[in-house]
Amino acid sequence: MRYLGHIMKILAIETSCDETGVTLLESHDDGTFEVLGNALYSQVAVHAPYGGVYPNLAKREHSVNLVPVMIECLAAAGALTPATEPVSEGGSASLKGILEREPELFVELQSFLTQHGKPQIDAIAVTHGPGLEPALWVGVNFARALSQLWNVPIVPVNHMEGHIVMPMMQRQPGETETYRLHPASYPLLALLVSGGHTELVLSREPMQYEMLGQTRDDAAGEAFDKVARMLGLPYPGGPEISRLAAQARASGTDCKYVFPRPMLYQNNFDFSFAGLKTELRKHIQSLDELTEETRMQTAWAFEDAVVDTLVHKTARAADEHGAQTVVLGGGVSANTHLRTQLKDALDARGITLLVPPPALSTDNAVMIALAGALRAAHGDYADPATLSAHGHLRLV
Ligand code: KG4
Ligand code: ZN
């Protein structure tokens with residue numbers, strides 16, 4: 001895809017799940033995107049004791065942390081400006097109205113405004129779905145408040161498009177964190193695997209999507225997290241299982257267990273991980289003892305089953321639709337075994353695989369800023385008065 005340069009600065013906000021992210025991105029007229037500042041606060045430690053993300057707890061955490069995260073991002077970019085004139089009473093009342101359901105956020109914003117003025121930005125990009133609705137609303141209402149306060153337009157971003165765009169960006173050599181869109185050939189197939197989604201999406205041309213298949217029950221990341229919990233591993237379980245599986249694979253022995261590959265030979269591109277999870281529960285209950293060794297072997301066999309299923313179905317979808325490029329996105333794309341297995345399968349077919357930088361595989365605001373910059377160039381702005389959060393927002 002050719003990106004026609006459009007010089008602007010975008011402030012991006014991500015609050016769809018348990019990461020509060022803010023990024024300041026500048027698009028240059030040579031088609032590059034420079035990350036001027038980026039900050040991310042992870043709520044993982046807050047949710048870990050519960051073994052999953054609690055939507056209302058996530059909402060409160062975003063409300064309290066969003067302004068400090070924005071300050072960190074703007075400070076890193078050297079973009080904090082001093083306050084020039086106080087916000088009028090009417091202006092403040094209107095902000096309070098927009099943030100009626102996020103009172104902690106209103107207090108934080110008010111205190112920010114006593115010290116700081118408008119940073120030099122041209123637009124605000126915000127994730128408006130999919131995700132946990134109470135969490136999404138915090139970002140959306142914050143964007144609406146800032147849009148009114150600073151008189152800048154809003155670009156709503158679909159979180160899953162953020163996960164598609166991130167791997168499509170190539171980091172440019174040099175000291176600054178600068179990206180350029182990969183000259184990817186279409187049709188392009190995206191395998192999106194996260195805590196809430198497992199999807200195969202076909203893109204015949206830039207920013208146009210067709211859903212080929214999706215999970216009928218649990219998402220791949222959710223299966224990793226639930227099985228990790230059964231094995232007594234901390235949340236989030238994906239990285240933990242992956243670590244144990246890698247250790248086991250390095251031992252040079254054969255894997256002791258084999259689990260089913262769900263829906264592998266069915267003639268569709270859907271997934272299902274609930275049955276596999278039940279198999280795992282039965283298997284773990286059947287063990288005399290959960291030792292370090294059985295835990296490692298179980299993690300290995302489980303990861304093999306999930307990765308095999310994802311790779312096999314992706315390769316078949318790529319064959320059937322003549323994909324020239326495959327994009328791997330979403331938190332589970334951090335999984336090393338998935339990356340190597342998928343690369344082997346696609347190399348054999350002469351298909352290019354694009355993956356995100358490992359640190360930007362899981363949720364962050366850089367991907368929202370990049371997708372937002374592309375959407376802004378497309379003129380996809382929203383009316384701040386009616387912009388809302390959609391937990392089940394779809395790509396198509
Ligand atoms: O995209 P993401 O950060 O949040 C959602 O939008 O859901 O994905 C989080 C998911 C979690 O389920 C986490 O366990 C999984 O990504 N994950 C991994 C790995 N790193 C994160 N799963 C498998 N292997 C990993 N290395
Ligand atoms: Zn995500």
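Biologist: How much space lies in the largest pocket?
Modeller: This is a predicted model, in which local features need pLDDT of at least 70, side-chain atom pairs count only at pLDDT 80 or more, and totals for chains, interfaces and linings use all residues. Residues are numbered from 1 along each chain as its sequence is written, chains are lettered from A and ligands numbered from 1 in the order written, and side-chain values use heavy atoms, without hydrogens and water. A pocket is an open set of points on a 1 Å grid over the protein atoms alone, where a 1.4 Å probe fits, with protein on both sides within 12 Å along at least five of seven lines; points are joined across faces, edges and corners, and the volume is the space filled by probe spheres set on them. For the largest pocket that space is about 1400 Å³.

Biologist: Which element gives the most to the lining of the largest pocket?
Modeller: Lining residues have an atom within 4 Å of a point, and here there are 48 of them, with Cys17, Ser194, Gly195, Gly196 and Asp225 nearest the centre. Two or more residues come from each of helix 6 (159-165), strand 10 (210-214), helix 7 (220-230) and helix 8 (237-250), where helices (H or I, at least four residues) and strands (E, at least two) are DSSP runs numbered from the N terminus. With seven residues, the most is given by helix 7.

Biologist: How many residues in the lining of the largest pocket are charged?
Modeller: Ala, Val, Leu, Ile, Met, Phe, Trp, Tyr, Cys and Pro count as nonpolar, Asp, Glu, Lys and Arg as charged, and the others, Gly among them, as polar. The lining has 16 nonpolar and 22 polar residues, and the charged ones number 10.

Biologist: Which helix gives the most to the lining of the second largest pocket?
Modeller: That pocket holds about 270 Å³, and its lining of 17 residues has Glu85, Val87, Leu113, Leu149 and Trp150 nearest the centre. Helix 3 (89-98) and helix 5 (133-150) are the elements that give two or more residues. The most, four residues, is given by helix 3.

Biologist: Are helix 3 and helix 4 roughly parallel or roughly antiparallel?
Modeller: Helix 4 covers residues 103-115, and the two helices pack with axes 10 Å apart at an angle of about 150°. Axes are lines fitted to C-alpha atoms over the stretch in contact, and angles run from 0 to 180 degrees between N-to-C directions. Angles under 35 degrees count as roughly parallel, over 145 as roughly antiparallel, 65 to 115 as roughly perpendicular and the rest as oblique. Helix 3 and helix 4 are therefore roughly antiparallel.

Biologist: Which residues of helix 9 meet helix 7?
Modeller: The axes of helix 7 and helix 9 (residues 274-286) come within 10 Å and cross at roughly 10°, which means that the two are roughly parallel. Contact means heavy atoms within 4.5 Å. From helix 7 the partners are Lys226, Val227 and Met230, and from helix 9 they are Lys277, Leu280, Arg281 and Ile284.

Biologist: Which residues of helix 10 meet helix 9?
Modeller: Helix 10 (residues 292-321) packs against helix 9 at about 165°, with the axes 12 Å apart, so the pair is roughly antiparallel. Helix 9 contributes Leu276, Leu280, His283 and Ile284, and helix 10 contributes Thr298, Phe302, Ala305 and Val306.

Biologist: Where is proline 236 found?
Modeller: The peptide bond from tyrosine 235 to proline 236 is cis, with omega near -10°. Another cis bond, also with omega near -10°, runs from glycine 129 to proline 130, and proline 130 lies between strand 4 (123-129) and helix 5. Proline 236 is in the loop between helix 7 and helix 8.

Biologist: Which residues lie nearest the centre of the largest cavity?
Modeller: A cavity is a set of points where the 1.4 Å probe fits but cannot get out; the search finds one of 30 Å³ or more, and the volume of the largest is about 90 Å³. Its lining has 11 nonpolar, one polar and one charged residues. Of the 13 lining residues, those nearest the centre are Val165, Met168, Tyr186, Met207 and Tyr209.

Biologist: What is phi of methionine 207 near?
Modeller: Methionine 207 sits in the loop between strand 9 (198-203) and strand 10. Phi is positive there, in a residue other than glycine, with a value near 65°.
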